[in-house]
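Me: I am new to this structure and would like to learn how to read it. Could you take me through it step by step?

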Amino acid sequence: MKKIFIAALMAVAVVPLAAQETYENAKIAAEDLNGTARYVGMGGAMDALGADISTIATNPAGIGLFRRSNASVSFGAVIQGDAPSMAGADKFNMSFDQAGFVISANTSGKNQSFVNVGFNYHKSRNFDYILSAADRLTNASQNKLSYVKAKNELLYPLDNSGRPNLDRPYITCNQLDDIYTTELLYDQGQNLWLYDNASDYRLDRAHSGYIGEYDFNVSGNINNRVYLGLTVGYHDVHYKHYGEYTENLKNIGTLRTYEDRRITGGGVDVKFGIIFRPIEYSPFRVGLSVATPTFYKLTTENELDMTDGSYTAGAGESYKFKLYTPWKFGLSLGHTIGKDIALGATYEYADYGSLDTRYITDGYYDYWSNTYSDQSVSDNTMNRHTDTTLRGVSTLKLGAEFKPTDELALRVGYNYVSPMYHEDGYKDGTLDTEGSYYSSATDYTNWKSTNRFTCGIGYTFGQLTLSAAYQLSSTSGEFSPFMNYVDNNEPDDNILTDVVKVKNVRHQLLLTLGYTF
């Protein structure tokens, strides 16, 4: 069972601000393993080895190990083999994943010190995923949850007869609650509550879109022993999902909800890195990196329609908010054995419980810089919920490359990503925050750890390099259609649901063409 919410009366004022909800924010903050085929084939464990354009986003000092200028482009496909069929969603999606270059300049004349500049685009997040979950319900429904919340004055204040006073401002009413209360739950003409338990439910949702990261780098080395790098990045967000939720109510009939949500916008971050050889004549290297939060300004839009077959009610909203992701820290090791073997290991840590969801409070035009700026404050209510729902995430990356000949390279890699969600985390639809008010879905998934297995091959034709990689990523999760609810004074109002086991298993094929000049 998921964590149980103990009912309590709330009477708060609504402020004209907008922010977002924890589970939606977590989708934006997370990252995939992606980049060049060499980088992916080695599991991304190249932060201390360097000399690959993809390290521009993880340890910027890795660009300082280039000795010649280089350009590369990568594309491939993502396949969700075990996904259910769903209208408008495809299990197979082509993807443009990376394009970048490094210009390397020798500053010492002795091939010992270089200053390099680089630019790289890569898809840091691929949202293509189909989620499907279904289960039986006992003494529960999304419909009944709204009724119990209304009865306990968590949606609208009640009048003297115990009915919702719709002429008064809502308290903590989300869009689903509002439709149920004003359209499909409470019949004002007959002064009747219309609620029921469901026999079962089903959810199908197709996620799509991406986050594209544009990184600009300057780096170099000192006497071929200390390497330094700085990267400034811009993150371009394009996220969308479409979902269909059905409840078969025992007496009222079937209710269907259709939801369409989009999140767009962008953010900036800065990354710093250093790589050094502690032993002067040894190829063993140690890398350290730190990335600031990504400072996002985002717009979310949603449309919601609910129907009982004869009558349809709808809602929608669009608003702007800010999201600051956590700081990220990295420690990496790299070692080469002759010219034939390269070994890498990377550890990264980011505390996602510190995600900062922010209200945009005001805006102003700066005549000196000819720019428009926003002021914002933290959504403390949602941030407290985030702190109890999300946790610090550790990522371990291991990789190896073996070159049986000067032209041919074979690669393998592995990643372990610890869970981002607490096991007892849940989407709390009673919070006094716009993240809850404007929510159009009550379901949530607590994803567990992620395991990634990678392999790859590369071949060099003079100045051209052709590389291919394969990645298998697997994550299990526990899905809930809505939060559990317990009212100690009214046991008949208790709403408890069982979790449904779900999986996200993805296969990625990647091809990179590189040119050294």
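**A guided reading**

Reply: Let's begin with helix H3, where Gln142, Asn143, Lys144, Leu145, Ser146, Tyr147, Val148, Lys149 and Ala150 are buried. Buried means under 20% relative accessible area, exposed over 50% and partly exposed in between, using a 1.4 Å probe and protein chains only. Helices (H or I, at least four residues) and strands (E, at least two) are DSSP runs, numbered from the N terminus. Please keep in mind that this is a predicted model, in which local features need pLDDT of at least 70, side-chain atom pairs count only at pLDDT 80 or more, and totals for chains, interfaces and linings use all residues. Residues are numbered from 1 along each chain as its sequence is written, and side-chain values use heavy atoms, with hydrogens and water left out.

Me: How many of the residues of H3 are buried?

Reply: The count is 9 of the 10, so H3 is largely enclosed by the rest of the structure. Just after H3, Glu153 has a positive phi of about 60 degrees.

Me: What is a cavity, and how many are there of 30 Å³ or more?

Reply: Rolling a probe the size of a water molecule over the atoms shows where empty space is left. On a 1 Å grid over the protein atoms alone, a cavity is a set of points where a 1.4 Å probe fits but cannot get out; a pocket is an open set with protein on both sides within 12 Å along at least five of seven lines; lining residues have an atom within 4 Å of a point. Grid points are joined across faces, edges and corners, and a volume is the space filled by probe spheres set on the points. Here there are 4 cavities of 30 Å³ or more. The second largest cavity has a volume of about 120 Å³, and helices H3 and H6 (434–437) each supply at least two residues of its lining. Of its 14 lining residues, Asn174, Lys427, Asp428, Gly429 and Thr442 lie nearest the centre.

Me: Which residues lie nearest the centre of the largest pocket?

Reply: They are Arg38, Gly50, Ala51, Glu401 and Lys403, out of 43 lining residues. The volume of the largest pocket is about 1,400 Å³. Strand E23 gives the most to this lining, with 5 residues.

Me: How do I read an aromatic pair?

Reply: A pair of aromatic rings is described by the distance of the centres and the angle of the planes. Rings of Phe, Tyr and Trp (its six-membered ring) pair if their centres lie within 6.5 Å; planes under 30 degrees apart count as stacked, over 60 as edge-to-face and the rest as tilted. By this rule there are 16 aromatic pairs. Phe119 and Phe216 form a tilted one, 5.0 Å centre to centre with 45 degrees between the planes. Phe119 lies in strand E4 (residues 114–126) and Phe216 in strand E8 (residues 198–222), so the pair ties together parts that are 97 residues apart in sequence. The ring centres of Phe295 and Tyr324 are 4.9 Å apart and their planes at 80 degrees, so this pair is edge-to-face.

Me: Is Leu396 buried, exposed or partly exposed?

Reply: Leu396 is partly exposed, with a relative accessible area of 34%, and its place is in strand E18 (residues 392–402). Not counting residues up to four places away in sequence, Leu396 touches Thr346, Tyr414, Asn415 and Tyr416, where contact means heavy atoms within 4.5 Å.
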